[in-house]
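Dear colleague,

I am handing over the structure below, followed by an account of what was found in it. Please read the two side by side.

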Amino acid sequence: MKGWMGKIKALSLLGFLALILSGCGKENLTALVPKGYGAEVSMDLIILTTVVMLVVFAVVMAIFIFVLIRFRKKKGQEDFIPKQVEGNHTLETVWTVIPILLLIIIAIPTVLATFDLADETEASDSINIDVTGYQFWWHFDYQGEDFQTSQDIYIPVGEKVYFNMLSSDVIHYFWVPSLSGKLDVNPENENTFYIEAYEEGVYWGKCAEFCGPSHSLMDFKVIVVSKEEYEQWVADMKNVDPDEEPESAVAVEGKELFQENNCMGCHAIGSSPVQTGPNLTNFGNRETLAGVEDLDKDTLVKWLLDPEEIKPGNKMTDNYPALNKEDAEKIAEYLLQLKHTDITSESAEN
Ligand code: HEC
Ligand SMILES: [Cu+2]
């Protein structure tokens, strides 16, 4: 009786954990529900290898259980020795050839998929985005367009978009689980692959290579919109006037403080080839701050007063004059009104 109680307790604990942990993931942050070509190809391979492994497991277990029962020591036959099969050529051939066949079944689609996903033949006619990984944020430069973005990438649905990746410091790893496989982002040697999204939406991306204290906070979003919305977004981004005067008086003061406090040393508003911090041109259009926190005024002020608390080890901490709360609020007011387009993650979600 007692043993059963223990089992029931263990099972309910397991069920409870499964319930809680299933709430951990963000929407569109799983390779198990593919929404793009690369992720779909990967998922097919996951299913294939899992089926092969399950078949092997089932067959081995069946033989194992059969042997356990069939060759049990029986009463009155204590000294009986079954027929010995050591060195049996047929058996050895069978259990060498079967694994080779299974590996071939797995290897052929895997190798074909690897070449398929690395195919660059259409790159010159497609959208190309140069990606740079920084500790602990991402920068995106749209080739042939005179603007850059950080944290959020906008792409059109149903098109191959090529990503050319380099790191400015350590090795990072570009991964949008719902849309694509992953790719190393090295300080040298550009790596290229493409993403083709099937559905509009906001897809979370992650750095998948341990790169420092805030590695797990190095998130980005791929915002997939319709072709028309994408073109509108590009046009809006090209038309940004970085010197535009903010409307409210507080934001005007904030803009001055932004210029006085060395922020421009690292952050560009408008197009700039050099960056040491995220490009803030369309900062007010983002949903997240530094890629991870929900963006609102309080969180932004908290960031400006002490970025370390939100992202340990980030490269902004202590590299600008300490701000008082009042000034931080004015700067926040200025940054939050940096909105230059109506195309946002909401366009993708509708
Ligand atoms: C030494 C360079 C440097 C200076 C100076 C600097 N920052 Fe930063 N800033 C960074 C870096 C690097 C990040 C990205 C941190 C991360 O996510 O790891 C960042 C992130 C930010 C973000 C979040 C951006 C996003 O895309 O979500 C804001 C807002 C910001 N800084 C505002 C400011 C303001 C305002 C000032 C001036 C008071 C300032 N920064 C000065 C380097 C700098
Ligand atoms: Cu990283």
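What percentage of residues 45–69 is helix, and how far apart are the end C-alpha atoms? The span is 100% helix and 0% strand, with 36 Å between those end atoms, where helices (H or I, at least four residues) and strands (E, at least two) are DSSP runs numbered from the N terminus. This is a predicted model, in which local features need pLDDT of at least 70 and side-chain atom pairs count only at pLDDT 80 or more, while totals for chains, interfaces and linings use all residues. Residues are numbered from 1 along each chain as its sequence is written, and chains are lettered from A and ligands numbered from 1 in the order in which they are written.

Residues 90–112 are likewise 100% helix and 0% strand, their end C-alpha atoms lying 33 Å apart. The unreviewed UniProt entry annotates residues 45–69 and 90–112 as "transmembrane region"; such positions are given in the numbering used here, feature names are shortened, and annotations may be inferred rather than shown by experiment.

The axes of helix α2 (residues 37–70) and helix α3 (residues 89–117) come within 11 Å and cross at roughly 170 degrees; axes are lines fitted to C-alpha atoms, for helices over the stretch in contact, and angles run from 0 to 180 degrees between N-to-C directions. The two helices are therefore roughly antiparallel (angles over 145 degrees). Residues making the contact (C-beta atoms, placed from the backbone, within 7 Å) include V52 of α2 and I106 of α3.

With regards

Notes: Angles under 35 degrees count as roughly parallel, over 145 as roughly antiparallel, 65 to 115 as roughly perpendicular and the rest as oblique. Two residues are in contact if their C-beta atoms, placed from the backbone, lie within 7 Å.
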